[in-house]
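Visitor: Hello! I am new to this structure and would like to learn how to read its salt bridges. Could you show me, please?

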Number of protein chains: 2
Amino acid sequence: MCELLGMSANVPTDIVFSFTGLMQRGGGTGPHRDGWGIAFYEGRGLRLFQDPAASVESEVARLVQRYPIKSETVIGHIRQANVGQVSLANTHPFVRELWGRNWCFAHNGQLADFAPSTSFYRPVGDTDSEAAFCDLLNRVRAAFPEPVPVEALLPVLIQAAQHYRRHGVFNCLLSNGDWLFAFCSTKLAQITRRAPFGPARLKDAEVLVDFQAETTPNDVVTVIATEPLTDNERWNLFQPGEWSLWRRGERLAHGQMGE
Amino acid sequence: MCELLGMSANVPTDIVFSFTGLMQRGGGTGPHRDGWGIAFYEGRGLRLFQDPAASVESEVARLVQRYPIKSETVIGHIRQANVGQVSLANTHPFVRELWGRNWCFAHNGQLADFAPSTSFYRPVGDTDSEAAFCDLLNRVRAAFPEPVPVEALLPVLIQAAQHYRRHGVFNCLLSNGDWLFAFCSTKLAQITRRAPFGPARLKDAEVLVDFQAETTPNDVVTVIATEPLTDNERWNLFQPGEWSLWRRGERLAHGQMGE
């Protein structure tokens with residue numbers, strides 16, 4: 001299993017605090033030693049840092065911590081390998097271009113008996129996760145060769161997620177830089193921080209941050225993670241089958257699917 | 001105009017020496033202040049570092065210099081913007097997946113009256129370079145929906161390069177991680193280092209390296225750059241219309257096209 005981290009914000013926000021907590025689980029307080037990655041949207045561009053090394057030992061992870069990159073949409077992941085060897089090609093998040101946008105995806109879980117037919121998008125590595133991502137994009141492209149608004153797209157995303165979920169555990173984050181989609185099959189938590197901001201204390205490291213000092217009253221920042229990252233705030237736990245769509249920190253749509 | 005850097009080697013080799021020289025031209029000894037990027041293949045995975053900031057001032061560039069990443073195939077680029085604003089989305093090299101492989105591309109030059117029809121691959125940013133890369137991949141995919149050996153692919157690459165060249169200046173580097181293709185429309189230089197190795201001195205920085213101490217007798221390392229990076233070695237200058245294909249440091253094929 002792996003851990004996911006996502007952020008959607010209405011102003012470019014640095015995610016160093018949450019990333020610091022997540023990183024500890026990459027071989028420190030958690031067993032996710034098989035690589036990590038984090039993708040920051042910057043306009044239509046995407047900055048991707050990845051390492052097949054454990055995040056607690058990664059030189060690149062230290063750069064990300066030292067050098068706060070501000071972004072409105074972020075997807076991060078730390079990996080404990082189950083399907084696919086430990087290698088850069090098997091390290092999340094995965095990225096593909098669709099409709100002239102960078103789409104980015106990370107998955108927590110494991111899919112059994114999952115062998116989608118190859119079509120346009122094909123996995124580079126050998127994880128079930130990248131195979132699901134490629135299949136999802138192939139479904140989107142088959143349904144909509146030309147761009148459509150996310151509201152029209154949503155049923156395809158939800159239906160695909162439901163399909164993968166029947167093959168095992170499928171918690172995921174997906175973004176095209178404009179919106180962030182989250183699907184929970186077993187475990188996902190979320191918090192939206194807005195004024196009045198207070199202090200937050202990481203569960204996995206001796207770090208306390210006073211968001212009041214780092215924000216303006218209009219900031220809205222939503223963080224999504226496999227498990228709550230702080231121990232003094234109230235996180236919302238997703239239910240199995242629950243999905244949400246975020247843009248600029250605010251929830252645009254949500255719902256829950258049966259088994 | 002921009003500067004290109006490519007490497008093809010038969011053993012994982014670090015490119016810190018050449019990158020150090022190139023970086024100086026990014027706002028130091030050269031005017032290419034509008035971003036830089038470098039992509040390292042690692043197995044089928046690709047590590048991409050980019051920054052729209054000048055390379056001499058880039059924190060990420062300092063990481064790449066400090067933290068030698070060994071790779072058999074590398075494509076790097078520093079940019080002086082002509083078409084497209086300075087942004088991450090407009091920063092080379094560009095990457096797309098084709099046939100389950102990461103394809104990577106960087107371009108030096110400028111294309112006029114160039115508006116290829118959109119097809120499967122579409123530019124994320126607004127450079128002529130990314131438009132040419134997408135068009136090239138669309139041509140490859142149209143010719144070969146399924147993977148073919150590079151020998152079969154080569155005529156499509158050369159024909160596409162000839163087409164772009166008629167629109168202006170088109171020096172490029174292209175790789176899928178297995179081979180490295182270089183096309184020269186105006187300016188490109190290349191050197192292959194093999195035993196007996198000697199010392200090399202950068203033109204753009206006070207750096208001398210003794211490759212003898214850093215290599216084994218079987219190493220073969222080819223470096224391709226817009227202009228020679230060292231001043232004490234003999235570089236081969238490409239002729240206009242000349243192209244080469246490299247794998248593991250050795251030249252597999254080469255040729256020259258008329259106007």
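Guide: Let us begin with accessibility: buried means under 20% relative accessible area, exposed over 50%, and partly exposed in between, using a 1.4 Å probe and protein chains only. This is a predicted model, in which local features need pLDDT of at least 70, side-chain atom pairs count only at pLDDT 80 or more, and totals for chains, interfaces and linings use all residues. Residues are numbered from 1 along each chain as its sequence is written, chains are lettered from A in the order in which they are written, and side-chain values use heavy atoms, leaving out hydrogens and water.

Visitor: How many salt bridges does the structure hold over all chains?

Guide: A salt bridge is a side-chain nitrogen of Lys or Arg within 4 Å of a carboxyl oxygen of Asp or Glu. Over all chains there are 24.

Visitor: Which residue forms a salt bridge with Arg96(B)?

Guide: Its partner is Glu97(A), with the closest N and O atoms 2.9 Å apart. Strands are DSSP runs (E, at least two residues) and helices likewise (H or I, at least four), numbered from the N terminus. Arg96(B) lies in strand β5 of chain B and Glu97(A) in strand β5 of chain A, so the pair joins two chains. Arg96(B) is buried at 6%, and Glu97(A) is buried at 5%.

Visitor: Is Glu250(B) buried or partly exposed?

Guide: Glu250(B) is partly exposed, at 33% relative accessibility. A salt bridge links Glu250(B) to Arg194(B), with 3.0 Å between the closest N and O atoms. Arg194(B) sits in strand β9 and Glu250(B) in strand β15 of chain B, so the pair ties together parts 56 residues apart in sequence.
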